[in-house]
Amino acid sequence: MGESVSDDVRTVFLDRMGVVADRFQLEAFDAVDRGEHVVVSAPTGSGKTLVAEYAVEMAIARRRRAFYTAPLKALSNQKFRDLTARYGVGRVGLLTGDVAIDGDAPVVVMTTEVLRNMIYAGSSALNDLDVVVLDEVHFLQDAYRGPVWEEVIIHLPERIRLVCLSATVGNADQLADWMTTVRGTTSVVVETTRPVELHDHHLVADRTDDRLRLLPTFVDGVANRDAVKLDEAGMAARWRGRGHARRGAGPSGARRLATPGRVETIELLADRQMLPAIFFIFSRNQCSEAAATCVAAGISLIGDEERDAIRGILSDRLGGMSADDLAALGSTDFEQQLMAGVAPHHAGLVPPFKEVVERCFAQGLLKVVFATETLAVGVNMPARTVVIERITKYNGDHHVTLTPAEFTQLTGRAGRRGIDTVGHEVVLWSPFVRFEQVAALAASRQFDLRSVFRPTYNMVANLVARHERERARELMTMSFAQYQRDGEVVRLQTMLARRKERLAEATSQAQSPYGDIDDYRRNLDDGMPAVNDVEAAIAGLRPGDVIHAVVGPYRGPVAVVATAHRSSGLRLSVITAAGRLSTLSSRDFPSPPVVAGSVVLPGQFSPHRKDFRTEVGRRIKSAKVAPAGSRRARQRTAAHELAHPVLEDPDLRQRLRAAADADRRAAEVAELAARIDDRRSSLGNDFDAVVALLTERGLIAAGEWALTADGQILAGLFHESDLLLVEALRRGIFDGVEPAEVAAIAASVVYEYRGPDDPPPVVMPSVAVRERVAALDALSVDLAALERRYGLATHRSPDAGFAAAAFAWCAGADLAEVVGSEEMAGGDVVRNLRQVIDLCQQLADVAPLAATRRAASEAVSLASRGIISQSVGVGEGANDADSAQ
């Protein structure tokens, strides 16, 4: 397309959008016009989406197609609505796995996984494709889903251009350089200035004189000294209050500080014209409780006109739901909260409720939303102020501090472009976090993308099907992960050179003119066990063996749950009698470990779950375990009794210290060399291990580079537990059962309990489901052992916690029955059912037996009713979940 045509398209596009493009947007437009790939790194709300929409406009002008991908179904749904409003019904499609609307349209919005699946299937939909937008490309560092982005970038046909949108990251140049290497010229456009200036605040409740103190986090670019002093005064008061000093003692000026309450915080924000606000609370229960507290306190933030508009949205979105379903979902309380101008927003809400909140907030009808962090990467809901209650959150296993990436994502919602001149970020004071930590996090506005790419079973199966062996292995080394590791190798090699110099210096200092210093040291230590002896003993241990070990402050029996081969040696995963999971190496044992007893590990192998670890600890305590033998004393002969010539050396003590230092430096050199080797070859080694495992299981033909019939099933299954599902199909676990039972078994694969407490007891809906899930559990244990043998990460174990709910829903139970019986939030029920539907759809396509395919298809039909079908187009993706804590 000629330059004048591009200029015409750009002029019409900007006029229709009603905006004046910024500098970085114009730079990106120019790159699109040149036919280059583009990486745009800019703050949330800065307008980087305009670049993507311009690329779509250019594709349409070329009479070609455009795909717009997003990481979450909620984002895909919103973009589908936005583009449909612009181009018209039928001109924009939506593909999210569980919904397909106008898939042949000129513009199609989809989740990134859908595009990946199209690429592997060789879909004809790619034939006239001109451009692909990868929104939120920084998701490539997501632990589970991240590799999908790299698969798309590597395997998408080279003629198709990419427009990648990312939050502000520190290594956008590195990402663009990698893309240039694997795809061709890629321009990088970086914007670091926020469209709306952000003011950082720290809010403290000073109970000494009963007032709230809203302090700037920074003064003249550094942490506010007044805030530091106030925080120190609060710490002094807490220290004195705990009796660690004499009554009346302690620093003068100690103050009683507390975390501000939600109601008083809202009142302060309202007084200072800082509403509307989003309160980020990392617990869905606390989000709902906060909204209820506001209603109980009599807060009223909106007028009659806003309430009438909210009623209209409620009628439009919830009018088709039954009274029983609405009652089960607590719609009365929900409506009362909306009428007060507040609302919760989290994964526990059913999608129609979430959409009501989103529409009301976007239209300015709500003044406060209490949300989990999923909102930060979800729909477009900017506010004047973002309040972060605490900078720590529960990650499903323990509490962790927010990363700079997460903090930046949250605060990116502060400040509405075109409405606010200033946005505000407020972090509430906490007795568990010092102010300096808050200031350091607020100052960290950028973060580096780190690839988590790894070969999965499905990925390798598709590479086998599409490429020769050497090309397939080469594609592994084309990943962003390998690109980053190659750069890391240069840094490590520099470190290695310096460590070798220091080793040589220490070795020289240890030389004695009187004799062999190393021979003398060997005589001193001849009673110590060889490392190889310890390694051999560890290699002989089996899951369930009980040995004696030291784990931190704990000394006593531990149960072996797994062994794994690593480049640095064997690793032993153990659980203590207190239920703590730890990893040990040969260095943790002064002598070879001896089996002192044994326990039977619980059926579902999931050592990262609290209930599993607690049960193992209980079994250790009740097992017959032999006491630890007395440790053999190290037999050392006094130096004066050794007839060795180096004893004549007057500098022997210094030389021995230098020799010990040389040993330490030699270990450092060996470790660095191993790290370099690991970074050079780890992805290739993982690829080879996956290939070997799949060959052993008969999914890749032995002696050939080709998939077997079962391997072809693996290539068509896109799921976290792909190999487990293929093996389950091979063993007939899904065969010969009713459709509702297929759904229940599928639920055991897709569901994962995420709460901080022990999960509720599992209820099996039928004998057949109980037997099939037991077979699935046993299969999972076998596969995990195989994965450990090959040095691969183990898959997630099945969890039957949702099996009864899936069965009941497919059997015709209404939402009230399912929610009530499972003690599960409506949003969780909907999200998990939609994941069950997605898996059953795949089973209906790939199951070997026609009867099983029919049963899986019928399960999809039975589950796609009521609120599930009503939620299509507004729901979440598999990872759109948050903590129920």
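**Notes on the predicted model**

1. Gln273 counts as exposed, at 60% relative accessibility, where exposed means over 50% relative accessible area, buried under 20%, and partly exposed in between, with a 1.4 Å probe and protein chains only. Gln273 sits in the loop between H9 and S14, and its phi is near 60°, a positive value in a residue other than glycine. Helices (H or I, at least four residues) and strands (E, at least two) are DSSP runs numbered from the N terminus.

2. This is a predicted model, in which local features need pLDDT of at least 70 and side-chain atom pairs count only at pLDDT 80 or more, whereas totals for chains, interfaces and linings use all residues. Residues are numbered from 1 along each chain as its sequence is written, and side-chain values use heavy atoms, with hydrogens and water left out.

3. The loop between helix H9 (262–271) and strand S14 (277–280) also holds Pro276, and the peptide bond from Leu275 to Pro276 is cis, with omega near 5°. A positive phi is found at Glu136 too, near 55°; Glu136 lies in the loop between strand S6 (129–134) and helix H6 (146–155) and, at 14% relative accessibility, counts as buried.

4. On confidence, pLDDT being the predictor's confidence in each residue, from 0 to 100, the chain has a mean of 85, and 89% of its residues reach 70 or more. Helix H21 (residues 531–539) has the lowest confidence, at a mean of 72, and H25 the highest, at 97. Over residues 243–251 the pLDDT is below 50, and this stretch has 5 contacts in the model beyond near neighbours in sequence, a contact meaning heavy atoms within 4.5 Å. Residues 872–880 also have a pLDDT below 50, but with 36 contacts beyond near neighbours in sequence. Where pLDDT is low, the predicted coordinates should not be read in detail.

5. The chain has 32 helices and 25 strands, and 53% of its 885 residues count as buried. Of the contacts with a separation of 6 or more, 75% come from residues 24 or more positions apart.

6. The largest nonpolar core has 160 residues, and Phe67 and Leu694 have the most contacts inside it; such a core is a set of buried Ala, Val, Leu, Ile, Met, Phe, Trp, Tyr and Cys residues joined through side-chain atoms within 4.5 Å. Its largest share, 10 residues, comes from H30. Apart from this core lies another, of 35 residues, among them Ala31, Leu83, Val92 and Val163.

7. Helix H26 (residues 739–750) spans 17 Å from its first C-alpha to its last, close to the 16 Å expected, the expectation being 1.5 Å times one less than its number of residues. Because 12 of the 12 residues of H26 are buried, this helix is largely enclosed by the rest of the structure. Its buried residues pack against several helices, including H25 (722–730), H27 (767–789) and H30 (826–846).

8. Arg307, found in helix H11 (residues 304–318), is buried, with a relative accessible area of 16%. Leaving aside its neighbours within four places in sequence, Arg307 is in contact with Ser300, Ile302 and Met339.
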